[in-house]
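Morning, everyone. I have one structure to walk you through today. Please have a look at it on the screen.

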Amino acid sequence: MFKVLTKADFILLILLVAIGLALSWVSLSGSVHGQTAVVTVNGHEYGRYSLSRNQSVTIRQNGHTNKFSIKNGHVQMTYSDCKNQLCVEHSSISRTNQSIVCLPNRVVIEIKGGDGYDAVSN
């Protein structure tokens, strides 16, 4: 009924756990506290907002409304007229490369570093 773990099974289990921990560490270590929330609507930049200034922003476009707030360096979607409300239920974000997406209304909020850009090219 129950199979006893063989030496190979045990080694495979340890290897998979080690790989999972390594990937988690790499994922978390590349993220730092962001400075700017970059908002895009329908693929076009709507605005850039400093995370150091507490504020609320309302986005009205194409007959839809989204609202988000910045408080103590964290961004939270506080209102959306979309049906599924996944963006409103999403936890607040504050670290680079984190995002909140309202797919029905095509609104994306992404956290970036100091100037809102990932890299500078000459």
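What pattern does the protein chain follow, read along the sequence? The pattern is α-β-β-β-β-β-α-β-β. That gives two helices and seven strands. Both kinds are DSSP runs, numbered from the N terminus: helices are H or I with at least four residues, strands are E with at least two.

A word on where this comes from. This is a predicted model, where local features need pLDDT of at least 70 and side-chain atom pairs count only at pLDDT 80 or more, while totals for chains, interfaces and linings use all residues. Residues are numbered from 1 along each chain as its sequence is written, and side-chain values use heavy atoms, with hydrogens and water left out.

Now the whole chain. Of its 122 residues, 30% are buried. Buried means under 20% relative accessible area, exposed means over 50%, and partly exposed is in between, with a 1.4 Å probe and protein chains only. The chain exposes about 8,400 Å², and carbon and sulfur atoms supply 59% of that. Accessible areas come from the Shrake-Rupley method with a 1.4 Å probe; for residues, only the protein chains shown count as cover.

For cysteine 82, the nearest cysteine sulfur is that of cysteine 102, 3.7 Å away. Cysteine 82 counts as buried because its relative accessibility is 7%. Cysteine 87 is buried too, at 2%.

Leu5, Phe10, Leu13, Ile14, Val17 and Leu21 make a nonpolar patch of about 600 Å². Patch residues have over 30% relative accessible area and no salt bridge; like charges are joined within 9 Å, nonpolar side chains (Val, Leu, Ile, Met, Phe, Trp, Tyr) within 5 Å. A salt bridge is a side-chain nitrogen of Lys or Arg within 4 Å of a carboxyl oxygen of Asp or Glu. Take leucine 13, in helix H1, residues 7-29. Leucine 13 is partly exposed, because its relative accessible area is 44%.

Last stop: threonine 36, in strand S1, residues 36-41. Is threonine 36 buried or exposed? Buried, at 8% relative accessible area. The side chain of threonine 36 reaches the backbone oxygen of glycine 113 at 3.4 Å.

Methods:
Disulfide = S-S within 2.5 Å. Polar contact = N/O pair within 3.5 Å; in protein donor to acceptor, adjacent residues only side chain to side chain.
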